[in-house]
Each structure stands twice: as C-alpha cells, then as structure tokens.
Amino acid sequence: NTATPPPGKKTKMARVKVEGDGADAPTSATEARIRTALITGFHRAQQSTSSHASQRKVIFALLDEHRNTTLQLLCALCVKTLSMQQSTDVSRRHAVFLADVCKTLLTERKDDTVAASILEAVLPYHGARDKTVRFAVVCLMEPLLRTLRADNADDERQALYDSIVEAMKLRIFDTFYAVRERAVAALAIFQEGKRDCDVTQHILAASAEDTNPGVRRQCANVAIPKEVYFMALSRLACDVVPTVRKAAWDAIGKFRYVHFVAFCQLYKQSFVDVVDTGLNDACVPVRLATTRTIGKWLSDREIDDDPVTFLSKIALPPTESPAVTLLARTVFEAAARRRSREQGPLLMPLVTSGLTPANAVMWRVC
C-alpha cells in the first residue's frame, strides 16, 4: 500500500526550497548512501528513544554535507513511511523523533526549514483513504508546528499555515477518533480565544458534539483562560467520563479566581455550586484536580476572603470525608510553600494527617 493524495491535490515536494548545497551535484552513489543512512536512522529511532541523539547527529552531518539532496530524500522518506506505519504507537514514535530533530535544529542553528519542508510534503495526504495514513499526517502537525520560528511571517510561510488550518478543520471531524484528537491539538496552535476566531469555534464545536471522550479531553487540554471557553469547561466539568472532568478542572485552574467568579456571575451560575460539584465528585482524580485549583487560588492570594470564610461558603460534606481532607491538605501544603518562599523553609516537618479546613490555615499565625 502506498499513500495517495486526495483527488485533485498533488504533492508539493517539487516546491520545497532549500539552501546551501554543495557545488558539485551528488552522484547516484551519494544519494544511495544518504538514503540508506536516513532509513537506518528512522529504523533505529523507532526501536529506542536512546538512539535519537546519535541519529540526530547523522542527519545533521548529512545536511551539512549535501543539504539539498538530504532534505529532498528526507521529505520523500517521510511521505513513504506514512503508509508503512501500522499502528498509532508507531506514528507517535516517528513524530517524536522528527520533532526532536527539528527542535534541535531550531535551538542550535535557528533553522526551521526542515520542519516546514516536512509539513509541506506530508500535508497533501491528510485526506487519504487509509486512516493510519491520516493519523500519521496529523500526528506530525502539532509537534513540528512548535518547532517553527515565530518571527518568520513571509508569504510562503503564511500560505503553509493557511493550508494546515484548512486541513485540520476537516480532520477535526474525521471518522477516526485518534485523527480528530490530534487535529484538535494542531488546530489549537492557531487559536486566538475570541468569539470571532474560526479556529476557536471549531474546537468549541468538537468539545460539545464529539462522542469520543479522548477528543473532548483534548479540547479541555487546549482551552485557554478566556471567556469564550467558560461555558464549554463548565459543561465538560460535568461530563460522564472522569478523565474529561479532570481535564476540565485542570483547565479551570488556568483562570484567575476573580475572572472565573465574574464569568459565573455573568452566565448566571453559582460559583459555590460549581466548586461543590468538583469537590464531591465520585472520582478521586477529579477531586484532586479541584483541590489543586482551589489551592492555587488560595496560595496565590487571589481570594480576598479568609480561607476559613471562603471554605465555609462551600457546601462541603462531613469533616471526615475524603473531599475535606484533600482540600485541607492542598490548602495547607500550598500555603506552606508560599511561606517557605517568603520567610524561609520550615524547621519542622509538615504533618498533614487529621487536617480540617479550620486548622489548615493555622500557618497564618505560626
């Protein structure tokens, strides 16, 4: 099986621009040597991440020696391997290795042309019939996009960005859930968090309509602390799947306390009821995520009320319940870390057993 581009689209490899090749045109023997080295590097990188560093050096040496030929063969090999990846795990390992190579090129050499060339080469295959090919394409998008220089705003780069955005808008409604999940991560790089942002609206639509919990969890993971995401996160915090609820509370923790309370008032929601739902969740990871969020707000001094007064507003279960214990432990440890930064470390070890919301704030008078 070979990866074939969707009807009406052709590969853009012929338009890849490269620089700095040697004066002499490489011979077929040189091309064969470079191709063999790249294939060997890909194979070893798939077997173990410990070989990434050595194979990265091999690719860098080939780029220094014959940049034009190496880049063309690298892009061709990336396209060829799309149809050879028989599982999502293989695609992920492949993406991790290429992202490692491109990130090192960016940090050490300020070079992002390799990442841009690979993206341009594989993008036409985002609509292939084989779902593993589509997944292999979208799996490369988000990690490689993060290795591109933010200060490069020429027309060719903007055209590449526009093509990727349009492609990911289609893949966010793909029939394969894994493709949709990775498409959300790639699309989120371009979001502005405004109501008139088309990218943000596509992510919000996926968070509300997608039937797969992994996609909804990814939508919560990429949420930014803006008003446009408030209702979506409030809904995801009550999702039927615990992992989605946990991701929603982790995302809520990105909001400032004053902003989250203001959004609750704006949308006619009770802040106490929202927090109470998370603290009394049946799943322990969800309760932990909720207490981390509240502990962050308390330790950052974003809450004007005294902690005891604030906690007394929440309809907590009995004192010996796990929710109260987790909340008290979180508040106390967060407050102790803040005290350590301001006044130096504590001389005695912290004992967190038997804490309640009342005695958790005794750090104020210690």
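Here, a residue is called buried when its relative accessible area is under 20%, exposed when over 50%, and partly exposed in between (1.4 Å probe, protein chains only). The model is a predicted one: local features need pLDDT of at least 70, side-chain atom pairs count only at pLDDT 80 or more, and totals for chains, interfaces and linings use all residues. Residues are numbered from 1 along each chain as its sequence is written, and side-chain values use heavy atoms, leaving out hydrogens and water.

**View 1. Helix α10 and its neighbours.** Helix α10 covers residues 213–221, and its buried residues are G214, V215, R216, Q218, C219 and A220. Helices (H or I, at least four residues) and strands (E, at least two) are DSSP runs, numbered from the N terminus. The buried residues of α10 pack against α8, α9 (198–209), α11 (230–236) and α12 (242–252); contact here means heavy atoms within 4.5 Å. Look at the start of α10 too: a side-chain oxygen of N212 reaches to within 2.8 Å of the backbone nitrogen of G214.

**View 2. The whole chain and its largest nonpolar core.** Step back for a moment: the chain has 17 helices and zero strands, and buried residues make up 52% of its 366 residues. The largest nonpolar core has 98 residues, and I118, V122, M141, M168 and F260 have the most contacts inside it. Helix α6 (residues 131–145) gives the most to this core, with ten residues. A nonpolar core is a set of buried Ala, Val, Leu, Ile, Met, Phe, Trp, Tyr and Cys residues joined through side-chain atoms within 4.5 Å. Zoom in on V122 and you'll find it touching C78, V79, L82, V137, L140 and M141, not counting residues up to four places away in sequence.

**View 3. T147, tucked into a loop.** T147 is found in the loop between α6 and α7 (155–171). T147 counts as buried because its relative accessible area is 4%. Its side chain reaches the backbone oxygen of L144 at 2.6 Å. Leaving out residues up to four places away in sequence, T147 touches A99, C102, K103, L106, D112 and A115.

**View 4. Where α7 meets α8.** The axes of α7 and helix α8 (residues 177–187) come within 8 Å and cross at roughly 145°. On α7 the contact is made by V165, M168, K169 and R171, and on α8 by V179, R180, A183, A186 and L187. Axes are lines fitted to C-alpha atoms, for helices over the stretch in contact, with angles running from 0 to 180 degrees between N-to-C directions.

**View 5. R67 and its partner.** R67 sits in helix α3 (residues 67–82). With a relative accessible area of 14%, R67 is buried. Its side chain makes a polar contact with the side chain of D111 (2.9 Å). A polar contact is a pair of N or O atoms within 3.5 Å; within protein, one must be able to donate a hydrogen and the other to accept it, and residues adjacent in sequence count only if both atoms are side-chain atoms.

**View 6. Two lysines with positive phi.** Most residues other than glycine have a negative phi. K110 has a positive phi of about 55° although it is not a glycine, and its place is in the loop between α4 (88–109) and α5 (113–122). K268 has a positive phi of about 60° and is found in the loop between α13 (257–266) and α14 (271–279). K110 is exposed, at 57% relative accessible area, and K268 is exposed too, at 76%.
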